[in-house]
Structures are given as structure tokens and as C-alpha cells.
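This report examines one protein chain, moving from a single residue to the whole fold.

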Amino acid sequence: MKVGIVGDATRGLAWEGHLRPHSIVRQVDLVPSINDLDKVDACFILDESLQNLDLLLEGIHKGFNCFFIAKQPTDSSKLDKIHRAAKEAGVFVQFAHWPTLAPATQWMMDKITRPSFIHIEKEVNRNQLVDIEYEFRHLWIDELGLCLKWIDSGIHHIEAKQISLTEGHPIVIHLFLRFDSGSSASINVYAGATENHHKRIISNKNEILECNVPAQTIKLGRINESNRLYFEKQVFDPATSAEKAALLFLKSIQLNKHSAYTSYDALRLAIHVERVEQRLKQFS
């Protein structure tokens, strides 16, 4: 496959390194502008600018299969145009939603395809947050996107509560989601911790998963023949996330199947972010 990488040269070289190990990649072109690309099988867009969704739409109109590598966008109007354009053009789009693309998550999704329960606890050292409001917002948006993708059902009810110490300084948020399928998800984010801590617990009636997110370690629990709960452990290398995500995208093109996090997933998330923020305004 011929792959084009559009964007900053330093980041582009890093992504070229992630692509080189894959035998299905025969050529990688690094270019500063999407207009510099000839025909390619896949286009990796590295752009954190405010106009990055316009660039993605341009790539789709050119007929490129696009991997959009940026913070998760929440502009539902533009994402709707992108989703419709991708369907009309018959191209694949993958968004860099790292909670979903992480190797540990992909393994867990294979083990429990439709969870009945998800609980997420994320504690962050505030000194690591530069743009407090923007970064805090994306902390819960990323987790919400994972819950929506994994449970894959309409939402029956949303509860949302956020506390800010003063205007512009959010410190904690709690989300509770009840899905049409009967499943539920809770997300708690605290941005005043001394140390970072990030854990996800996922279960159905037969198994329970506990994931230490930074370490990418998983405990899988189930009842054995002696009617006792026992755990197995799985360990994944966080350093391989980008390389594995690139392969997921290239394989989706090669096998003509949906990408790991599609334009529909991104649009659905943006719509529900708006719903959450409406609830937050009601109780502010």
C-alpha cells in the first residue's frame, strides 16, 4: 500500500516509523499539504489546528481513505458533513480515539463485546494541565466516547454534574449513563490529584475486566469450577499503541471493513457531548 502523511515533518517522521514495520506498506510520502499528495491508498492527517476538520473533508473529497490524528473533535455539524461525504465517496475514515484504539482496549472488546456495566475513575495531577478548561473537557469526552462505542446502544438517560472551584477552573465531573439496552456507565474525573490514576472496570454476567490504563495491564475475572472468582492477567505495551492503530486502519482498508473508530462513532460522540453539556448547564 502507498501511504501519505500530511502535516508537521517531525510528527510525520514519527508516524513513518510506526508504518515501516508493516509489510503491507510499500511506500510512505511525507508532505506539508494535502494538495501535494498524488493517489494514495491511505492518508494520515496530522493537524491540531482549528481548521483540521476542513482538511479531513478535503481529503475525503479527493477520494482518500483518511486516518485523522488529532484531539477528538466535537463539532457535530462538520462531523455530519464528514460522515455523509465519506459514505458518498465510499472511503474509510478512522479517528485517533486512543481509549478505543489502545491494544488493551481492543483485546477487552474481543473478550466482552457488549458490556452491561462500565465504571471509569480518572485522577489527574492538575500541574500537568496547561489549558485547564480545554484539557479537562477532553478528559471526560474521551471516556464518554469509549462507553458509547463499546456499549453501542441508544442512551435512555444522562446524569451529569461538574464542580468548578471558580469560573474557568473545573475540578471534578461525574457522568452516569443509562442505555436503552439496560447497560449503564459511570465516569468520574478528578483534576486535583497528587498522582495520576486511571482505572476502567467492565463487566457482563460472566466476566469482569479491570484495566490499569497507564500501564495497559488487565485483570480478567471469572468464576471457576470450584465456584470461586479467579483472575488472569494480560499485559500490553503502551509504546505500541500508534503502530497498532496504524495497522488497524490499513487492515480495515485491505479487508474492506469499518475502521476501529469511524466517522459515525465521532458524530455520535459529538451529539452526546452536546447533550451532556446541556445537562451541565441545567445544574450549574
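Is Asp29 buried, partly exposed or exposed? The model is predicted, and in it the relative accessibility of Asp29 is 23%, so this residue counts as partly exposed. The cut-off that decides the matter is 20%, under which a residue is called buried.

## The chain as a whole

The chain contains eight helices and 13 strands. Its radius of gyration is 20 Å, close to the 19 Å given by the globule rule for 284 residues, so the chain is as compact as a globular protein of that length. Along the principal axes, the C-alpha trace spans about 55 × 50 × 35 Å.

Of the 284 residues, 50% count as buried. The chain exposes about 14,100 Å², and carbon and sulfur atoms supply 48% of that area. Contacts also show how the sequence is brought together: among those between residues at least 6 apart in sequence, 67% join residues at least 24 apart.

Side chains of opposite charge can pair when their charged atoms come close. The structure holds 14 salt bridges. One of them joins the side chains of Lys2 and Asp29, with a distance of 3.7 Å from N to O. Lys2 belongs to strand β1 (residues 2-7) and Asp29 to strand β2 (residues 27-31), so this pair ties together parts that are 27 residues apart in sequence.

The two partners fall into separate accessibility classes. Lys2 has a relative accessibility of 14% and therefore counts as buried, whereas Asp29, at 23%, counts as partly exposed.

Lys149 is partly exposed, with a relative accessible area of 22%. Asp265, by contrast, has a relative accessible area of 5% and is buried.

Asp152 and Arg268 also form a salt bridge, and their closest N and O atoms are 2.9 Å apart. Asp152 lies in the loop between α6 and β7 (155-164), while Arg268 lies in helix α8, so the pair ties together parts that are 116 residues apart in sequence. Asp152 counts as partly exposed at 35% relative accessibility, and Arg268 counts as buried at 10%. Through salt bridges that share partners, Arg114, Lys149, Asp152, Asp265 and Arg268 are joined into one network.

Helix α7 covers residues 241-255, which makes 15 residues. From its first C-alpha to its last, the helix reaches 21 Å, close to the 21 Å expected at 1.5 Å a residue.

Which residues of α7 are buried? They are Ser241, Ala242, Ala245, Ala246, Phe249, Leu250, Ser252 and Ile253. Seen down the axis of α7, these buried residues fall within an arc of 165°, so they line one face of the helix. After α7 comes Asn256, which has a positive phi, near 60°.

Key. Residues numbered from 1 in each chain as written. Predicted model: local features only at pLDDT ≥ 70, side-chain atom pairs only at ≥ 80, totals over all residues. Heavy atoms only, no water. Helix = DSSP H or I, 4+ residues; strand = E, 2+ residues; numbered from the N terminus. Expected span 1.5 Å × (residues − 1). Buried < 20%, exposed > 50% of the residue type's maximum accessible area, 1.4 Å probe, protein only. Arc of directions from axis to C-beta. Salt bridge = Lys/Arg side-chain N within 4 Å of Asp/Glu carboxyl O. Rg over C-alpha atoms; globule rule 2.2 N^0.38 Å. Contact = heavy atoms within 4.5 Å. Areas by Shrake-Rupley, 256 points an atom, 1.4 Å probe, with all protein chains shown as cover.
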